[in-house]
Amino acid sequence: MNLLIKNGRVIDPSQNIDDKMDLLIENGLIKEIGKGMAASDCVEVIDAAGKYVVPGLIDIHVHLRDPGLEYKEDIVSGTKAAVTGGFTSVCCMPNTKPVIDNKSVAGYIINKSRSEGFCNVFPIGSITYGLSGDRMSEMGELKESGCVAVSDDGKPVANSELMMRALQYAAGIGIMVISHAEELALVGEGTMNEGFTSTELGLKGIPRVAEDIATARETMLAEYTGTPIHIAHVSTKGAVRIIREAKARGVKVTCETAPHYFTLTDDAVRGYNTNAKMNPPLREADDVAAVKEGLRDGTIDAIATDHAPHHQDEKDVEFNVAMNGIIGLETSLPLSLGLVSSGVVTINQLIEKMSCNPSKILSLNRGTLGIGAVADVTLIDPEYEWVVEAEKLASKSKNSPWLGRKMKGAAVATIVGGKPVFRR
Amino acid sequence: MAEFKHKHIIALRDLSKDDIEMLLSSAESLREINSRDIKKVPTLRGKTIINLFYEASTRTRTSFEIAGKRLSADTVNITTSSSSATKGETLSDTALNLLAMKPDIIVMRHSVSGSHYYLADKVNCSIINAGDGAHEHPSQGLLDLLTMKDKFGRLDGLKVAIVGDITHSRVARSNIQGLTKMGSSVFLAGPPTMMPPGVERLGNVTVCSSMKEAIQDADVVMMLRIQQERQGKTLMPNAREYSRYFGLNPENLKLAKPNAMVMHPGPINRGVEMSSSTVDGDQSWILKQVENGVAVRMSMLYHVCGGEIE
């Protein structure tokens with residue numbers, strides 16, 4: 001099927017395009033970009049006047065919970081949530097049951113997402129077998145079976161020697177290592193950020209230095225071995241500074257942050273709100289400011305959601321007992337567009353961080369509207385106003401701190417491989 | 001007198017100065033019952049109170065039970081060590097099952113801070129907090145205030161030193177809230193490993209660099225229990241060294257005002273946070289605290305039931 005998207009503001013940082021143009025998709029690929037293109041008879045036309053037409057958004061950090069934890073989310077509901085949020089590709093973390101540490105599990109995810117999913121799913125294998133933290137997974141086989149990175153997300157690799165060897169080994173294979181950077185001894189039994197709010201609420205705190213130390217270790221290991229590393233969900237002022245300095249020294253480090261780290265502080269925990277409980281925890285105002293500055297100056301390369309669905313029974317409990325994590329796929333775009341309206345980044349920078357850079361970091365071969373590229377395209381209405389309502393979310397889980405909140409901006413069409421898989 | 005408007009008593013932070021005065025004033029009226037021959041009035045006859053204790057407690061549970069019984073309420077005790085995290089049913093299910101038996105008040109102690117707010121959202125009876133994690137212990141805070149009032153006849157302008165593990169202390173937090181509201185000032189001392197960040201912003205609080213500085217000219221010296229189990233291996237070297245710098249003894253007690261009172265929420269580790277001579281000495285009000293605990297809890301039960309004194 002051929003598709004002509006007319007009159008939109010085409011924003012493609014990969015080609016330095018930002019102009020009112022038309023986009024023709026043919027046989028699932030970008031065929032042509034130009035002005036005043038005429039629709040031929042066999043073409044479906046989408047009028048994108050007033051909309052942004054951008055390379056499909058990519059979220060390199062989601063938990064699809066499939067296989068094994070389908071009561072929280074599965075590949076069908078998770079990818080439905082993704083396309084509703086404007087994402088054409090997601091990379092799913094390996095803490096499934098069983099863990100993505102072998103080709104059968106990776107293959108299952110790829111096959112199921114191709115046959116039943118709504119968007120591209122790129123699995124991320126584990127750094128260590130079963131996320132055990134004590135020996136490396138078969139990264140070669142993982143890469144050959146379609147994994148685009150390795151990570152023990154949720155569980156830092158505590159053993160520094162193993163982490164260093166994993167970086168070296170992965171670099172030899174050509175697969176990116178994504179680090180969940182936290183020093184576990186300092187995390188302890190903490191349940192929120194350590195600060196005035198934790199003091200007032202009487203909750204055990206996780207000091208920011210737990211993330212800073214681990215981030216410093218990762219950049220030093222990458223520097224020493226000369227290998228690339230990607231730091232997941234950066235949340236602290238210290239981590240932003242450490243990564244900025246490492247980049248300035250030429251260390252091959254990239255990083256991401258999540259919308260909650262540039263929109264919320266640990267004040268959101270007040271009332272013992274378990275939908276404000278995640279790991280790393282929500283931090284303080286100066287961290288939020290530093291994360292925004294990191295986004296602005298390019299220290300932070302990507303925005304990823306850390307979409308972490310949990311069943312109501314896992315969140316509707318006492319605070320300490322509640323699982324860590326929030327869903328994010330359906331709210332990431334409006335929250336991130338807030339960075340544009342508040343002048344933190346330009347819309348071009350934002351599309352880089354939500355599409356071009358994520359593709360580059362994990363070599364996904366997406367993130368562009370270049371002629372001949374796979375036609376993953378997102379149409380965004382930056383003015384669309386809506387309210388986050390649990391029953392209207394596509395995700396199986398409803399653990400969002402933004403329930404009942406007004407949002408501005410949404411995907412109005414999500415096109416994957418030339419097919420409109422979501423229309424609003 | 002104004003009406004007590006709260007259905008639950010979960011934290012002194014949630015109460016106004018008037019609320020606290022009302023609770024203390026009723027406690028002063030009610031405590032006369034405790035010295036009668038027949039220690040019982042029909043005030044809460046027909047009311048059912050469940051004491052739901054997820055953490056071990058002797059003093060607080062007994063005190064709440066006696067308070068309920070002296071007001072003629074039917075009291076039931078449930079003590080359980082299993083939390084929803086480990087085994088058994090969830091707190092929510094337990095509460096809903098208890099609720100099906102139509103209690104009027106659930107008095108709960110729980111190891112997780114904030115769990116009473118969670119519970120209050122689920123049930124239609126009153127909730128009284130008998131201690132939640134490191135958050136608050138409002139009945140302890142109130143009985144401490146009542147005891148100070150007994151001695152000084154007022155609760156404003158007092159200098160109160162609190163010494164010990166502030167980070168893990170719900171007693172300290174409730175006292176900070178209560179004393180600040182009543183117009184007194186709190187001086188904290190403890191090893192820096194036991195001093196939570198931003199604690200001085202909780203109220204009229206000064207963090208002192210030493211125990212001496214905190215108790216200098218204090219009207220009240222309140223010592224907190226130190227527990228090797230809780231403070232683990234990383235917050236202090238051992239009880240011996242703790243005692244050297246943060247233990248109360250007759251010598252350093254001289255730094256406080258000559259008529260200063262000594263308090264402790266119990267249970268006491270004699271020879272660790274307090275020498276026996278200070279526990280049993282003339283300035284100790286520790287047993288008066290326990291006595292006042294019954295009166296304060298009677299007042300709390302009475303007010304959340306919204307009744308008039310017959």
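Two strands pair if DSSP finds at least two bridges between them. Welcome to this predicted model, in which local features need pLDDT of at least 70, side-chain atom pairs count only at pLDDT 80 or more, and totals for chains, interfaces and linings use all residues. Residues are numbered from 1 along each chain as its sequence is written, while chains are lettered from A and ligands numbered from 1 in the order in which they are written.

**Chain A as a whole**

- Chain A has 13 helices and 18 strands, where helices (H or I, at least four residues) and strands (E, at least two) are DSSP runs, numbered from the N terminus.
- Chain A is as compact as a globular protein of its length, because its radius of gyration of 20 Å is close to the 22 Å that the globule rule gives for 424 residues. The radius is taken over C-alpha atoms, and the rule is 2.2 Å times the number of residues to the power 0.38.
- Along the principal axes, the C-alpha atoms of chain A fill a box of roughly 65 × 45 × 45 Å.
- Of the 424 residues in chain A, 58% are buried. A residue is buried if 20 or more other C-beta atoms lie within 10 Å of its own, exposed if 12 or fewer, and partly exposed in between, with C-beta atoms placed from the backbone.
- Among contacts in chain A between residues at least 6 apart in sequence, 75% join residues at least 24 apart. Two residues are in contact if their C-beta atoms, placed from the backbone, lie within 7 Å.

**Strand pairing in chain A**

- Strand 1 (residues 2-12) of chain A pairs with strand 5 (residues 52-55) of chain A in the parallel sense, over 2 bridges. Here A:Arg9 stands opposite A:Tyr52 of strand 5.
- Strand 5 of chain A also pairs with strand 16 (residues 377-387) of chain A, in the antiparallel sense and over 4 bridges. In this case A:Val54 stands opposite A:Thr378 of strand 16.

**Two packed helices in chain A**

- Helix 8 (residues 237-248) and helix 10 (residues 285-297) of chain A pack at an angle of about 30°, with their axes 8 Å apart. That makes helix 8 of chain A roughly parallel to helix 10 of chain A.
- Axes are lines fitted to C-alpha atoms, for helices over the stretch in contact, and angles run from 0 to 180 degrees between N-to-C directions. Angles under 35 degrees count as roughly parallel, over 145 as roughly antiparallel, 65 to 115 as roughly perpendicular and the rest as oblique.
- Helix 8 of chain A makes the contact through A:Lys237, A:Val240 and A:Arg244, and helix 10 of chain A through A:Asp286, A:Asp287, A:Ala290, A:Val291 and A:Gly294.

**A closer look at A:Ala149**

- A:Ala149 is found in strand 9 (residues 149-151) of chain A, and this residue counts as buried because it has 28 C-beta neighbours inside 10 Å.
- Leaving aside neighbours within four places in sequence, A:Ala149 is in contact with A:Cys91, A:Ile124, A:Ile175, A:Met176, A:Ile178 and A:Leu362.

**Chain B and where the chains meet**

- The chains touch through 16 residues of chain A and 23 residues of chain B.
- Chain B has an open sheet of 5 strands in the order 7-6-5-8-9, with parallel pairing. Strand 7 (205-207) and strand 9 (261-263) of chain B stand at the edges, each with a single partner strand, so one side of each is left without a neighbour in the sheet.
- Within chain B, 4 bridges join strand 5 (residues 159-163) to strand 8 (residues 220-223), and the two run parallel. B:Val160 stands opposite B:Val220 of strand 8.
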